Amino acid sequence: MEVKARAPGKIILAGEHAVVHGSTAVAASIGLYTYVSLQVSPSNENDDRLILQLKDTSLEFSWPIGRIKDALSSLGGPFPSTPMSCSSETFNLILAMIEEQNIPEAKTSLASGVSAFLWLYTSILGFKPATVVVTSDLPLGAGLGSSAALCVAFSAALLACSDTVNMDMKQEGWLVFGESELELLNKWAFEGEKIIHGKPSGIDNTVSTYGNMIKFRSGNLTRIKSSMPLKMLITNTKVGRNTKALVAGVSERTLRHSDAMSFVFDAVDSISKELANVIQTPAPDDQSIIAKEEKLEELMEMNQGLLQCMGVSHASIETVLRTTLKYKLVSKLTGAGGGGCVLTLLPTLLSGTIVDKVIAELESCGFQCLIAGIGGNGAEICFSASS
Ligand SMILES: Nc1ncnc2c1ncn2[C@@H]1O[C@H](COP(=O)(O)OP(=O)(O)O)[C@@H](O)[C@H]1O
Ligand SMILES: C[C@@](O)(CCOP(=O)(O)O)CC(=O)O
Ligand SMILES: [Mg+2]
């Protein structure tokens, strides 16, 4: 039996970074997914292995189950129904198992995702031999939440195979978990994100788990229903960056200028709340949609200014802002910044010709543009007889 899981990426419409410090943020899932396929192997005592294939980066890891047991069996896993944090001692044991696999120098940033995998796997499924394959539609490390989608998809596939979650394996097509299972899955995914991000707010794994659009503050989500069509152009500057380092940078700035930064975070909190209200307020006619779009643009512009204040913008992001402004379009970075992706609001009445022109100009700078559906499904799983 093979179980497949998929989990979407996300955009943050307002509030990234500040949300780590307790402010409100607003995020939506996008129609780009990370897929995990998990096939538990029949036991063959001499050669039981856990194999992880990361297709997007052409990497394969293979550990003898005995090696993993030597390192981690004293923790007493599996404990699928009690999400736990990976201690620093355990993290070091996991890192040693990854280092033995000789990741090429250029791909060492992937070690954090592999660590999250080993922690989630052994905690949820224990020491069963299996093959796990990962593929993704998402660019990695670009602000669209690939780390969270990965952790959510891992947790969904693992929980579906564990004894804790009862799913009807005969049902066909993509299946959604029940509310209590979603909560458990989200908690496990958060533990994985902690390994990758250091200090995540939890917004990325939460929106990837539940899908649609959410308002998020201090671990609590409120589901939001948009009353207007929302179309965003996503521009990937292709400048690589690392969320963990950017989040740590904002925390250091906060230590140096705690009073000033607390005003910045308060301002972001107000912007996110107002943005959520604007999105939800009914818009009975075209005029009111236009008025709402103008408010969203102003709020995005203000949020971008505050992200600059936090030190997470980048020359490539500023180029996108300047380029889109030539067409009277407003943009802000999304995710951790420092490069990565930028959102541009595409008003409903904007002509297709202008969209084509702005995309052509952005792509001539070496950026990559995409328009993804906003607010689709969250985590889903699918069972199939293995070939
Ligand atoms: N499909 C994938 N295959 C391998 N690793 C992945 C994948 N998706 C995410 N990762 C892990 O997540 C990291 C990127 O996370 P992060 O810096 O938070 O950026 P973002 O979440 O915005 O994409 C990668 O370096 C890698 O460790
Ligand atoms: C910067 C932050 O707000 C979002 C990070 O998103 P991403 O990993 O860049 O997709 C961090 C967080 O909320 O955990
Ligand atoms: Mg991330």
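Where does ligand 1 sit? Hi everyone, let's start there. Ligand 1 sits in the largest pocket. Before we go further, please keep in mind that this is a predicted model.

So who are the neighbours? Ligand 1 is surrounded by 20 residues. Those that come closest are Gly-141, Gly-143, Ser-146, His-197 and Thr-243. If you sort the shell around ligand 1 by class, you find eleven polar residues, seven nonpolar ones and two charged ones.

Now look at which parts of the fold provide that shell. Helix H3 (111–124), strand S5 (130–136) and helix H4 (146–161) each give at least two residues. The largest share comes from H4, with three residues.

Let's zoom in on some polar contacts. Asp-56 brings a polar side-chain atom to 3.0 Å from a nitrogen atom of ligand 1. Gly-113 uses its backbone instead: an N or O atom there lies 3.3 Å from an oxygen atom of the ligand. Gly-141 also takes part through its backbone, with a polar atom 2.8 Å from an oxygen atom of ligand 1. How much of ligand 1 does the protein bury? On its own, ligand 1 exposes 570 Å², and the protein buries 95% of that.

On to ligand 2. Which space does ligand 2 take? The answer is the largest pocket. The elements giving two or more residues to the shell around ligand 2 are strand S1 (2–14), H6 and helix H7 (243–256).

There are 19 residues around ligand 2, and the nearest are Lys-10, Ser-201, Arg-241, Thr-243 and Ala-336. By class, the shell of ligand 2 splits into eight nonpolar, seven polar and four charged residues.

Here are some contacts for ligand 2. A polar side-chain atom of Arg-241 lies 2.6 Å from an oxygen atom of this ligand. His-17 contributes a backbone N or O atom, 3.0 Å from an oxygen atom of ligand 2. Ala-336 also works through its backbone, where a polar atom is 2.9 Å from a ligand oxygen. Taken alone, ligand 2 exposes 390 Å², of which the protein buries 98%.

You will find Ser-201 in the loop between helix H5 (179–197) and helix H6 (203–210). Is Ser-201 buried or exposed? Ser-201 counts as buried because its relative accessible area is 19%, and the cut-off for buried is under 20%. Its side chain reaches the backbone nitrogen of Ile-203 at 3.1 Å.

To finish, let's visit a few backbone details. Gly-77 and Pro-78 are joined by a cis peptide bond, with omega about 0 degrees. Pro-78 belongs to the loop between helix H1 (65–72) and helix H2 (88–99).

Next, Asn-212 has a phi near 55 degrees, a positive value in a residue other than glycine. Asn-212 lies in the loop between H6 and strand S6 (213–217). With a relative accessible area of 39%, Asn-212 is partly exposed.

Lys-238 has a positive phi too, about 65 degrees, and is not a glycine either. Look for Lys-238 in the loop between strand S8 (232–236) and H7. Why is Lys-238 called exposed? Because its relative accessible area is 54%, and exposed means over 50%.

Note on methods
Residues numbered from 1 in each chain as written. Chains lettered and ligands numbered in written order. Predicted model: local features only at pLDDT ≥ 70, side-chain atom pairs only at ≥ 80, totals over all residues. Heavy atoms only, no water. Near = heavy atom within 4 Å. Polar contact = N/O pair within 3.5 Å; in protein donor to acceptor, adjacent residues only side chain to side chain. Areas by Shrake-Rupley, 256 points an atom, 1.4 Å probe, with all protein chains shown as cover. 1 Å grid on protein atoms, 1.4 Å probe; cavity = no way out; pocket = protein on both sides within 12 Å on 5 of 7 lines; lining within 4 Å. Sits in = over half its atoms within 2 Å of the grid points. Helix = DSSP H or I, 4+ residues; strand = E, 2+ residues; numbered from the N terminus. Nonpolar A, V, L, I, M, F, W, Y, C, P; charged D, E, K, R; others polar. Buried < 20%, exposed > 50% of the residue type's maximum accessible area, 1.4 Å probe, protein only.
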